[in-house]
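Please look over the model shown here.

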Amino acid sequence: MTRADFDAVVGAPRPSGPSSHPAEPSGTRLDAWWGRLLVLPGAQRLWYWGGPIAVTLLAAVLRLVRLGDPRSLVFDETFYVKDAWTLLHLGYEGSWPNNADQAFNAGDVNIFTTYGSYVAHPPLGKWMIALGLRVFGAENTVGWRISTALVGILAVFLLVIVARKLLNSTLLATIAGGLFAIDGHAIVMSRTALLDNFVMIFTLLGFGAILLDRTQSSARLSLWLARRAEAGRGIDWGPAIWWRPWLLSAGILFGAATAVKWSGLYFLAAFAVYTLVVDALARRAAGIPFFISGTIFKQGPVTFLLTIPLAVATYLASWTGWFITKDGYFRNWAEVPGNAATGLFAWVPHSVQSFLHYQASVYDFNVNEHTVHPYSANPFTWLFLVRPTAFYYVGQTSGQGGCTVSSCAEYVTSIANPILWWAATAALFYLLYRLVRHREWRVGLILMGMVAGYLPWLLYSTRTIFQFYATVFEPYMILGLVFVIGLILGRPDDSTYRRTRGIGIVAVFLFFVVLVSAFFYPVWTGLQVPEIFARLHYWLPGWR
């Protein structure tokens, strides 16, 4: 921990030079007080860990209190919780009788059959839900959601760590974690047993691994250049760097994300390209003559081998239960006369042929899913929060369930904190300008998170998809917002007027974000509220 936290943003204070004019007052009383505080014994270490731990504990409270409510399957929990329970017992997703939800809600959880059920997503996320069911049982609604809740809490801490590494400031990192902790989108997705939180955590871990690889590969390139210079050898094509453990980790993590939902594949592809671009730019900066061809033909194949095979292996490993059993959906497809390949591919094991047929069927289902749904949201509207998803709504009249007014509602909507979300969207558009204008690598990395998590969905704008898919790229929206917050805050050696104004703007913004989160929290968690209070949250027509 260094003076960087006192500075609040990246970099050290600008040195003052000789001037013929009196120095303009700089900094604020708050800066002076904070500087005195940080020199106290143990203060820097306390702040280094205290801020991240505090926002993580806040996230835990907001996600774990009343986690078991509502006490019924919510939205797509009807698929994933029951699939997870059969995975735990059968090793594959089993089928259920028609209208099984009511019995499942009542605690009759073992009415599944051994017939395989057709599923549109790989098993890893459901295996993670199954861990909670293993501990608490399927009769306990906490068991349904505890895995997603713990992942949501961990993601807050992880975002703090990533933000601190990226921005070199514990203050900005703690603000990032705090915003993630209190945002409704993140809260609801952590309190509901859906798959998207698992995609989010694996891709955020992969993003962190790419960030660390960037630093490590740069150091290894410098070492290679030094050795070549010492040996008097040329550097025309640059090196092929094999020892990149963080890149290996990224391959595994993006593979795990893909093993939850295929949208994780976009992160693998996007950051594979990003890594090559970064490698090429680093070689150009180092003076390597053939930096483009050297990156493509020397480092490119190595990068492929370090990431893709591990990603594929991780994905296939998630299907182990399907492979080692015999009754999963399509498990015996190739055994049916006329289905198995003949000729050139006849040697392929029937289990593999059945698996490939299943994957092709899932792809066809996903790209052609156009079922009309009242909460379907066009991805072009996601950044503007036009159509959030209502997960749960129960209306009550006076005397029902403790309702003391004429009408009440228990309501869960996955809407984000609108002030935070719209500010983050504005920040992203500014970062696009800033990337073109200044070409800052931090900005580029943040926007790559958006490229991987958001842009591919624009290709499927006519599909039945939902606003809550945006939880996967929310961490990068928050990183972009916090980057801009750092610019607004300024530096301790800025003029007193500039610094005071920056701190004031940020403080007012954060105050209103907290206020709006407090206002929306009841409808993020299904608390019983007067119906008129629920209606006060319909700020736009699409929020109903």
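## Helix 12 and its cover

The cover over the buried residues of helix 12 includes helix 10 (196-231), helix 11 (245-258), helix 13 (291-317), helix 17 (441-453) and helix 18 (474-489). This is a predicted model: local features need pLDDT of at least 70, side-chain atom pairs count only at pLDDT 80 or more, and totals for chains, interfaces and linings use all residues. Residues are numbered from 1 along each chain as its sequence is written, and side-chain values use heavy atoms, with hydrogens and water left out.

Helices are DSSP runs (H or I, at least four residues), numbered from the N terminus. Buried means under 20% relative accessible area (1.4 Å probe, protein chains only). Among the buried residues of helix 12 are F267, F271, Y274, D279 and R283. Just after helix 12, G287 takes a positive phi of about 85°.

| Helix 12 item | Value |
|---|---|
| Residues 264-285 | 22 residues |
| First C-alpha to last | 32 Å |
| Expected at 1.5 Å a residue | 32 Å |

T307 sits in helix 13. T307 is buried, at a relative accessible area of 5%. T307 touches L247 and G251, leaving aside residues up to four places away in sequence. Contact here means heavy atoms within 4.5 Å.

## Cavities

A cavity is a set of points on a 1 Å grid over the protein atoms alone where a 1.4 Å probe fits but cannot get out; lining residues have an atom within 4 Å of a point. The structure holds eight cavities of 30 Å³ or more. The largest cavity has about 70 Å³ of space. Its lining includes D69, E77, R145, R191 and W524.

Definitions and conventions. Helices (H or I, at least four residues) and strands (E, at least two) are DSSP runs, numbered from the N terminus. The expected span of a helix is 1.5 Å times one less than its number of residues. Buried means under 20% relative accessible area, exposed over 50%, partly exposed in between (1.4 Å probe, protein chains only). On a 1 Å grid over the protein atoms alone, a cavity is a set of points where a 1.4 Å probe fits but cannot get out, and a pocket is an open set with protein on both sides within 12 Å along at least five of seven lines; lining residues have an atom within 4 Å of a point. Grid points are joined across faces, edges and corners, and a volume is the space filled by probe spheres set on the points.
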